[in-house]
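Please read the points below with the model open beside them. They go through strands, sheets, loops and a surface patch in turn.

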Amino acid sequence: MLNSINLDDKSYEDLIAEALAKIPLYSGEWTNFNRSDPGVTILQNLSSFTLLQRGSVNRVTDEIRRGLLRLAGCRTERNAAASLLVRSPEEDAVLPPQYQLRIGDLCFETERETPLSSWGLEAVYLCQDGSFQDITMLLETEAGTAAVFGSAPQSGNVLYCILRGVPETEKPLLLWAQAAGSAGRTPFPEKGGPVFARTRWQYFTESGWVDADAQDETHGFLTSGKITLTLEEEPAVFEDAPVSGCAFRCLLEECEYDRAPRLETLTANLFPVRQWETRVWTYRLRGERTVSIRSPLAEQGNLFVFCREIPGGPYRLYAPFTGVVPTGRLYLREEIPGGVRLNFHQARFGFAPCEEDGAVLVTCFDDEMIHHRELGPVLGFEDQDIAVDLVRDVLADRFLLIAETAGPDGEPEYYPVEPDTDGAYGLRYQVDPEQGLLHIEHPGAGTGCRLYLASCCTTAGSQGNIRAGSTLLHTDPMRPMDPPHEFRGVSPGMGGTDYETVEQLRARFAASVLTPGAAVMPADYESLVLRTPGLCVHKVRATAFPQENLVRIAVKPRGTDPLPKLSDLYLEEIHAWLEPHRMLTTRVELVQPNYVAVDVWAVLQIKGYYGDVQEAVESMLRQSLDYVNGPQPFGSRIRFSTLYQELLTLPYVESVVEFKLNPQSWNGVSLDNPDLVLDPYTLCCPGNLHIQLQTWTAQSL
């Protein structure tokens with residue numbers, strides 16, 4: 001299926017010609033190849049049947065391909081909306097749900113009511129051994145990086161955040177920490193993973209420092225992430241720092257960092273938005289005499305109201321009271337700032353919703369989609385497709401239909417139906433996110449019911465993963481601002497994905513087949529170790545010993561030490577990662593990398609008109625012999641001829657008079673004259689360089 005053969009690549013004439021050409025190979029008596037011959041007539045019929053059969057077999061639809069790949073454990077990735085953290089303009093306000101911010105053609109919306117407050121970060125300090133170091137530069141973009149716990153983090157170091165203003169209590173307070181590069185670190189898993197540090201977030205109160213309810217996604221500031229703090233008590237002014245104000249602090253309780261964490265920026269007072277545009281939305285409200293909806297979509301006034309009058313019963317359509325009809329399923333509509341208010345009067349109109357959560361459904365449309373509300377009837381057969389006009393790239397998890405059927409009394413009844421669930425009368429459908437199509441899987445007993453659009457959001461998928469620092473504008477024509485408010489996205493857009501085509505799905509499946517999931521060969525172990533979650537692994541070399549059922553693996557981490565070693569944490573994490581992947585009877589042994597320094601003796605004749613040649617030659621040799629940081633793998637050969645030629649090709653070297661290599665230790669090194677051969681667990685590094693320079697002249701000849 002991944003590399004399928006085209007079976008429908010020959011015409012009828014091609015098949016007949018091939019069949020006639022093969023007749024002499026099987027029968028010397030058959031000499032009449034004219035159409036009048038009965039045997040040729042049979043060949044013609046068989047060729048026609050073969051052509052039809054090949055065409056049928058060759059037609060494998062996208063749905064069949066997706067189904068086959070699903071059986072192999074590879075499911076289609078649906079489109080998903082990106083999320084973004086936006087900096088609050090530091091003013092007291094409340095943003096309604098579906099408050100829209102735009103950058104170019106992309107629309108970002110608030111998902112729920114979002115209160116803003118006027119507080120921010122004033123200063124940031126690192127405290128080591130009781131002394132404060134100002135790292136307020138983290139509040140500015142492109143101002144450099146700072147080690148938040150120092151260049152050599154130790155337990156007891158503290159990061160202080162001094163605030164401007166007073167944050168609210170009992171509400172999530174969002175911060176974003178932008179880490180300075182990943183240093184080759186593999187992504188941390190969603191749960192678990194290595195713990196390089198244990199931190200405690202606190203805030204200052206009248207009674208001293210109090211622990212905050214904290215959710216920290218940064219893994220001790222090793223990765224960029226969101227920090228959510230919730231304060232239960234009123235914060236107080238902290239006066240022991242160089243600048244006074246309300247304060248948060250992050251206390252480093254324990255640490256086993258492989259490298260000191262550094263940040264580019266630290267930003268506070270944020271709120272989240274999602275990259276989607278709501279064209280239609282149904283609000284589910286409790287059945288009460290008065291209900292209110294505040295959102296830009298409701299403010300446009302295109303709405304339909306459905307009420308459930310009996311708990312668990314069907315919904316009925318209510319109409320706005322116009323004064324013409326005095327009683328019936330009616331409601332009073334009242335415009336309020338930012339939305340609408342609906343009033344139901346049982347005594348006056350004779351009908352009202354029951355007192356139940358979700359008893360009132362209010363479907364609101366934008367000015368364009370209101371004209372495409374009705375989608376059509378369910379015709380009663382499977383695989384019926386219904387198009388949703390004007391929309392593409394639909395989010396299936398934010399989609400809803402309302403089905404209209406005739407009740408026992410002849411009055412229309414309405415039922416909300418979500419995708420991929422058995423709805424009213426067994427109706428089941430799927431959404432094609434890319435094309436905006438409804439695929440009716442099972443009409444159930446809902447044949448003849450009519451479908452209406454109830455909720456629909458569209459997204460740009462991966463285009464929503466915009467860079468950090470982007471500026472978004474509030475451009476709602478119903479809420480003009482002079483000047484327009486600008487909002488800065490402090491985090492990059494994250495999580496936006498496009499609907500996966502069949503070809504993309506096939507390519508991903510092929511790549512997954514080639515990615516080792518079980519460790520059998522030494523190369524499998526090397527690939528798995530490099531993918532250990534949360535670690536910075538630079539080089540790996542695995543060697544198998546079949547007689548002992550043993551695989552010995554040398555691992556070199558990335559680290560700040562010149563000759564890095566595996567820490568206990570690295571050993572534990574790699575062992576834990578390999579354990580479920582190894583063969584049952586195979587033993588795995590991790591070994592530390594062996595480093596050998598190589599000394600160099602060289603006598604060079606140089607051209608006299610060059611400057612500081614000594615430093616340039618030593619720099620070249622150090623770089624060539626640095627197998628620790630260079631691309632050379634474990635067990636490489638140090639080739640004498642290669643180094644000799646590199647020296648000889650330097651523009652300021654006339655000739656190499658003498659050149660020798662000598663390892664400071666023969667542990668892990670063997671001589672293959674004139675080369676040095678490293679064993680599978682050894683890397684070399686430059687040792688002492690003894691370079692003697694002689695100025696070349698014509699008399700030197």
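1. Helices (H or I, at least four residues) and strands (E, at least two) are DSSP runs, numbered from the N terminus. With that in mind, Pro 674 sits in the loop between strand S41 (669-672) and strand S42 (675-678). The peptide bond between Asn 673 and Pro 674 is cis, with omega about 5°.

2. On the basis of the model: it is predicted, and local features need pLDDT of at least 70, side-chain atom pairs count only at pLDDT 80 or more, while totals for chains, interfaces and linings use all residues. Residues are numbered from 1 along each chain as its sequence is written, and side-chain values use heavy atoms, with hydrogens and water left out.

3. An open sheet of 5 strands runs in the order S8-S17-S10-S14-S13, with antiparallel pairing. Strand S8 (146-147) and strand S13 (213-216) are at the edges, each with a single partner strand, so one side of each has no neighbour in the sheet. Two strands count as paired if DSSP finds at least two bridges between them. S8 is joined to strand S17 (residues 262-268) by 2 bridges, and the two run antiparallel. Ala 147 is opposite Arg 262 in S17.

4. Strand S24 (residues 339-343) has 4 of its 5 residues buried, where buried means under 20% relative accessible area, exposed over 50%, and partly exposed in between (1.4 Å probe, protein chains only). S24 is joined to strand S20 (residues 290-294) by 5 bridges, in the antiparallel sense. In that pairing Val 291 stands opposite Leu 342.

5. S24 also pairs with strand S23 (residues 330-336), again antiparallel and over 5 bridges. Glu 335 has Val 340 of S24 as its bridge partner. The hairpin of S23 and S24 has 2 residues between the strands, and Gly 338 there takes a positive phi near 80°.

6. Which residues other than glycine have a positive phi? One is Leu 390, with phi near 70°. Leu 390 lies in the loop between strand S27 (384-387) and strand S28 (400-406), and counts as partly exposed because its relative accessibility is 46%. Another is Asn 549, with a positive phi of about 50°. Asn 549 belongs to the loop between strand S35 (537-545) and strand S36 (550-557); its relative accessible area of 40% makes this residue partly exposed.

7. Where is Pro 412 placed, and what does it contact? Pro 412 is in strand S29 (residues 412-417) and, at 33% relative accessibility, is partly exposed. Apart from neighbours within four places in sequence, Pro 412 is in contact (heavy atoms within 4.5 Å) with Tyr 315, Arg 316, Glu 404 and Thr 405.

8. A nonpolar surface patch is formed by Val 60, Ile 64, Leu 68 and Leu 71, with about 370 Å² of accessible area together. Patches are made of residues with over 30% relative accessible area and no salt bridge; like charges are joined within 9 Å, nonpolar side chains (Val, Leu, Ile, Met, Phe, Trp, Tyr) within 5 Å. A salt bridge is a side-chain nitrogen of Lys or Arg within 4 Å of a carboxyl oxygen of Asp or Glu. Accessible areas come from the Shrake-Rupley method with a 1.4 Å probe; for residues, only the protein chains shown count as cover. Leu 68 is in helix H3 (residues 62-71) and, at 40% relative accessibility, is partly exposed.
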